[in-house]
Amino acid sequence: MIRSVAIIGAGNVATHLGAALKQAGIEIRCICSLHPEHARKLAEKLGVAHAGSIKDTDMGNPDAVIISVKDDAIAGVVSQLPENGAILIHTSGGISADTLAGKSPRYGIIYPLQTFTWNRSLDFSEIPLFIEACDKGTLAEIRELSEKLSKTVTAADSEQRRMLHVAAVFACNFTNHLYHIASCIMQEAGLPYSMLHPLIKETAAKAAAMPPALAQTGPAVRDDRKVMNAHLEKIKDERLKELYTALSDSIMRSATNYGNGIRTE
């Protein structure tokens, strides 16, 4: 059973995960980071100890060490860890669990499917957690820990998590970038971005309430070339024109598979 952890990392995911672990009654013995000042701030926020360099840190002999850093930093962190009997866990959606092999006989993954910003509060219990481990016994321990944090815990292998991560980039990162583009267009028009907030909320609500294909509206799904051409005339940036055209083409190509339930008026 995992009763105590050390956390390596002090970014957005580590901040929210650390708070959830503390709330669940898990002892956090140490916060360590590639950026010691970040570790100090998170440790103070959680009321726990912090440490400097990873290589020279006494992590307090925890049951598990959770590595919550950028994907391209995970291997480097692992290389600095001493061999130990703690369960090693990372939180990445796109990095194989085998990256942790060699420093401990037990290792695995807890991947929270959510977008995190350090100063925004979240109900961690509502965040789906996807877990993987090197063996059944370790998976059972990681599951037990995860179920203290979230209502939804699902075993997913590396290939499933990679596909999940791709889907998340489309659903979150790309969508957020489109919001940014929309905000720039509104600014150019001399209108507040907040005028789009009701539209954004309803779009997200529909996507959660029905298959997104059936929620699709707009000129592309109607194949309304006149409206789309008028839009393109208003867009001055050639890269945005290409993006508008590519997305519209994708919607039109997909529309034939949307089914009879779609309304195009």
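User: Where does I131 sit?

Analyst: I131 is found in strand β6. Helices here are DSSP runs of H or I with at least four residues, strands are runs of E with at least two, and both are numbered from the N terminus. Keep in mind that this is a predicted model, where local features need pLDDT of at least 70, side-chain atom pairs count only at pLDDT 80 or more, and totals for chains, interfaces and linings use all residues. Residues are numbered from 1 along each chain as its sequence is written, and side-chain values use heavy atoms, with hydrogens and water left out.

User: Thanks. Is I131 buried or exposed?

Analyst: I131 counts as buried, at 1% relative accessibility. The cut-offs are under 20% relative accessible area for buried, over 50% for exposed and partly exposed in between, with a 1.4 Å probe and protein chains only.

User: And which residues does I131 touch?

Analyst: Not counting residues up to four places away in sequence, I131 touches I109, I110, L139, I142, R143, S146, V153, T154, A155 and A156. Contact means heavy atoms within 4.5 Å.

User: Why would residues three or four places apart point the same way?

Analyst: An α-helix has 3.6 residues a turn, so residues with that spacing point the same way.

User: How far apart are the end C-alpha atoms of α4?

Analyst: They are 16 Å apart, which agrees with the 16 Å that the 12 residues of α4 (residues 136-147) should span at 1.5 Å a residue. The expected span is 1.5 Å times one less than the number of residues.

User: Let's switch to α2. Which of its residues are buried?

Analyst: In α2, the buried residues are A39, L42, A43 and L46. They lie on the same side of α2, because their arc around the axis is only 100 degrees. K41, E44 and K45 are exposed on the other side of α2.

User: What covers the buried side, and what comes just after α2?

Analyst: The cover of the buried residues of α2 includes α1 and β2 (27-32). Just after α2 comes G47, with a positive phi of about 70 degrees.

User: Which residue other than glycine has a positive phi?

Analyst: D223 is one of them, with phi near 55 degrees. D223 has its place in the loop between α8 (219-222) and α9 (225-234), and counts as partly exposed at 42% relative accessibility.

User: Pockets next. How much space lies in the second largest pocket?

Analyst: About 300 Å³. On a 1 Å grid over the protein atoms alone, a pocket is an open set of points where a 1.4 Å probe fits, with protein on both sides within 12 Å along at least five of seven lines, and lining residues have an atom within 4 Å of a point. Points are joined across faces, edges and corners, and the volume is the space filled by probe spheres set on them.

User: Which residues line the second largest pocket?

Analyst: There are 17 lining residues, and A19, A20, Q23, L122 and F124 lie nearest the centre. Helix α1 (12-23) and helix α2 (36-46) each supply at least two, and α1 gives the most, with five residues.

User: What about A20?

Analyst: A20 lies in helix α1 and is buried, with a relative accessible area of 8%. Leaving aside neighbours within four places in sequence, A20 is in contact with F124 and L149.

User: Last one: how many helices and strands does the protein have?

Analyst: The secondary structure comes to 10 helices and seven strands. Of the 265 residues in the protein, 36% are buried.

Terms used: Arc of directions from axis to C-beta.
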